[in-house]
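Please look over the sequence and the structure first.

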Amino acid sequence: MKRRHFLGLLGATGLSLTAGVSKARASSAADVTGLPNVGGVLFDATRCIGCRKCEAACNQVNELPKPAKPFDDLTVLETRRRTDAKTYTVVNKYLPEAGKPPVFRKIQCNHCLEPACASACFVHAFKKTESGAVVYDPSVCVGCRYCIVACPFNIPTYEYDKALTPRVMKCTMCYPRLLEGKLPGCVEACPKEALVFGKRRELLNIAWDRIGANPGRYVEHVYGEREMGGTSWIYMAPKPSFAALGMDEHLGTASAPELTSGALAAVPAVAGVWPVLLTGLYAISKRKEKIAEEEKKAAVEAAIAKASADAEAKLAEELGKAEVANKRRIEVEVKKALEAAAKQAEGGEDA
Amino acid sequence: MSTENRKTGGSLFTPGNIIAGIILAAGIVVTIMRFTLGLGSVTNLSDNNPWGIWIGFDLLCGVALAAGGYTTSAACYIFGFKKFHPGVRPAILTAFLGYALVVFALHYDVGRPWRLVYPIFYQQGTTSILFEVGLCVFIYLTVLFLESLPAALEWKGGFDKYRGILVKLTMGLTILGVILSTLHQSSLGALYLIAPSKLHPLWYTPYLPLMFFLSSMFAGLSMVISEGMLSHKNFHHMMDAEYNAGYENLQLAFAKGAAWIMAGYLAMKLLGLAMDNRWHYLFTGYGAWWLFEVIGFVALPCYCYAVGYRDRNLRLVRIAGPWTVLGIVLNRFNISLVAFNWQLPSADRYFPSLGEIIISVFVVTIGVLAFRFIVTRMPIFFVHPAYKDSSH
């Protein structure tokens, strides 16, 4: 039995026992250390000969439409291709160094440990399973295509030509076959063992053993070990670089959920703080209004009070003045009367 | 506010109506194609470019430019700027129509529109920023509907009981509107946080959510200024003395607010570059485009707003308003289309198809027609005579 098959079967047996009962994973920060036995595939670009047998197998087991050019036509390798709604995997040819033989890279879903597509999906249509496969449920998909925006590897595709039942299409790591204990179609078809299926941590050991055993042959990096939080599908490439195979070497190690968790964490903060702040601001502006109103009222009252006090004082003064004047008038009148009486008395005496 | 002017209009076949009719007819044709032949038949969307102008314009710009609702109602009801009261109803109506059309346009963009309620009622993807956007937009559309309803009830008459209940809810709805707007305006920016490898580093910053929120505020203020100008031109006969008296003050006050917020936004733009030391990108082609956006469509209109307020120069303010609105559209286009997928070869880049443009214009036309229908009937620019004493 070949090593590849042995590992594959070992992995698949273990998985078929657990996959049925394992609860599918959401992509939240709590799951970062989860899935210790997650499955995966190791791709070694130094072994790939660009025969497209994996493409043919993928097309067959997933019952995808036959392409215009048959799979044994290797001229298609001359054009740079990507996955599409009818193609879950493609092999591209690269010429990293002039004068040296070409290098081939197989492209398909990398089945991230913390998938961007699953994190981005607002109906939870994507799930990372214990088998390693990231699977998609078309029965809930709304078709917003945010998964396609989010995927750093440009993998998910969409059935743009279907009017009423378009689906997101992408590699499933042959999840239905894994559940049956079979290998993914492409892995089984590879004649050069460029693809190995197994438990991810064991695949990493194999990869680093190969790098150690062949000094100078490989880039000293396993692509997918840490990229975007790690992927189930991991890659080895010949020198000089992964970038020479069209792979983005600047993706960073932060997983998709880490990139958005800060913004999501702000939700309860905003929902909690805003009502308090806004009600407070409202209360302050109300209170300002009220105080202004009260001050206005007080000022008016004071003005009225002062005016009436002034008026009273003036009245009293006037009354006082009037009294004095009256007294004087009375006094004058009395004096006049007395004088008149005195005159009369004098006259009487004279007479 | 008399209705004679409208009725003496006569023929339906005015140039404006004819253009609107042609747009509606074209829109209906594309609609039929979209729902019988699929997205691929009318759009240039692809596996590399899953989001086109139906997201970049209809959703991102639509929501940002409908921000006048929460900014105006918050200024009036929460911050106590009572003199803005006549501006509240037009702003709320613009916002409600804006959001309603955003949701309407989404039905074209998503693959299976009848499932748009799934994320809310069927299976929730709570880890998704888009879930937050969807939930907030859904609730906020309801809030805006309730806030717009009193005008319709006053128009129809005989619903004083319900109108009374809604008026009592004003304060609560306003606060809810601000919370929901803060959340989803910022979340529209946060949508792109998940794709640092696809968005150009000059536009990608952890501040994206804050920038979207801040820019939504001055987008809303500028829309109120711009919408007011257009309304004055077309619906002057519907406006009462109170509206006209407050109109210029409102524009000046909003110019001042927008100038301050834009200054803060500019500072944040620079901080975003400084934080990750991305200055060197300024000396590339994308850098020139970034400067064109930031200086040409933020710094300059901000300056015009500030000077316009200081000198009480309404003309300058009314130039800065539409200018800022254009700047918002440019910013949202840059993030969703121009700077997105910047590393892809030009053959794989996106440019909208005629069908996509027709639908976007179709949606805007429906909005304008609905706005016209409503403001020429309901008490939007004037206080209904029967409710003179109401504070709503």
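## An aromatic pair in chain A

A:Tyr160 has a relative accessibility of 9%, so it counts as buried, the cut-off being under 20%. The model is a predicted one. A:Tyr158 is buried too, with a relative accessible area of 2%.

Over all chains, the whole structure holds 27 aromatic pairs. A:Tyr158 and A:Tyr160 make up one of them. Their ring centres are 5.4 Å apart, and 70 degrees separate the planes. The pair is edge-to-face, because planes over 60 degrees apart count as such.

## A tilted pair in chain B

The rings of B:Phe96 and B:Phe145 also pair, with 5.9 Å from centre to centre. Their planes stand at 45 degrees, so this pair is tilted. B:Phe96 belongs to helix 6 of chain B, and B:Phe145 to helix 8 (residues 129–156) of chain B. The pair therefore ties together parts that are 49 residues apart in sequence.

B:Phe145 counts as partly exposed, at 39% relative accessibility.

One aromatic cluster in chain A is formed by A:Phe43, A:Tyr223, A:Tyr235 and A:Phe242.

Charged ends also sit over rings. In chain A, the ring of A:Tyr218 has the charged end of A:Arg217 over it, 5.7 Å from the ring centre. In chain B, the charged end of B:Lys156 sits over the ring of B:Trp155, with 4.5 Å to the ring centre.

## The largest pocket

Rolling a probe the size of a water molecule over the atoms shows where empty space is left. How much space lies in the largest pocket? The volume is about 1700 Å³. The lining has 46 residues. Closest to the centre are B:Gly367, B:Val368, B:Leu369, B:Phe371 and B:Arg372.

Several elements of chain B give two or more residues to this lining, among them helix 1 (4–7), helix 2 (15–37), helix 4 (53–65) and helix 6 (85–109). Helix 11 (208–235), helix 14 (314–338) and helix 15 (354–375) of chain B are also included. Helix 15 of chain B gives the most, with nine residues. By type, the lining of the largest pocket splits into 24 nonpolar, 17 polar and five charged residues.

## The second largest pocket

The second largest pocket has a volume of about 840 Å³. Its lining counts 30 residues. Those closest to its centre come from chains A and B: A:Arg105, A:Phe153, A:Asn154, A:Gly246 and B:Leu344.

Strand 2 (90–94) and strand 3 (103–107) of chain A each supply at least two lining residues. Twelve residues of this lining are nonpolar, ten are polar and eight are charged.

## A proline in a helix

Where does A:Pro275 lie? A:Pro275 is part of helix 8 (residues 256–350) of chain A. At 24% relative accessibility, A:Pro275 counts as partly exposed.

Which residues does A:Pro275 contact, leaving aside its neighbours within four places in sequence? They are A:Val270, B:Ile175 and B:Ile179. A:Tyr146 is 129 residues from A:Pro275 in sequence. In space, 31 Å separates the two, C-alpha to C-alpha.

Note on methods
Residues numbered from 1 in each chain as written. Chains lettered and ligands numbered in written order. Predicted model: local features only at pLDDT ≥ 70, side-chain atom pairs only at ≥ 80, totals over all residues. Heavy atoms only, no water. 1 Å grid on protein atoms, 1.4 Å probe; cavity = no way out; pocket = protein on both sides within 12 Å on 5 of 7 lines; lining within 4 Å. Points joined across faces, edges and corners; volume = space filled by probe spheres on them. Helix = DSSP H or I, 4+ residues; strand = E, 2+ residues; numbered from the N terminus. Nonpolar A, V, L, I, M, F, W, Y, C, P; charged D, E, K, R; others polar. Buried < 20%, exposed > 50% of the residue type's maximum accessible area, 1.4 Å probe, protein only. Contact = heavy atoms within 4.5 Å. Phe/Tyr/Trp six-rings, centres within 6.5 Å; stacked < 30°, edge-to-face > 60°. Lys NZ or Arg CZ within 6 Å of the ring centre and 35° of its normal.
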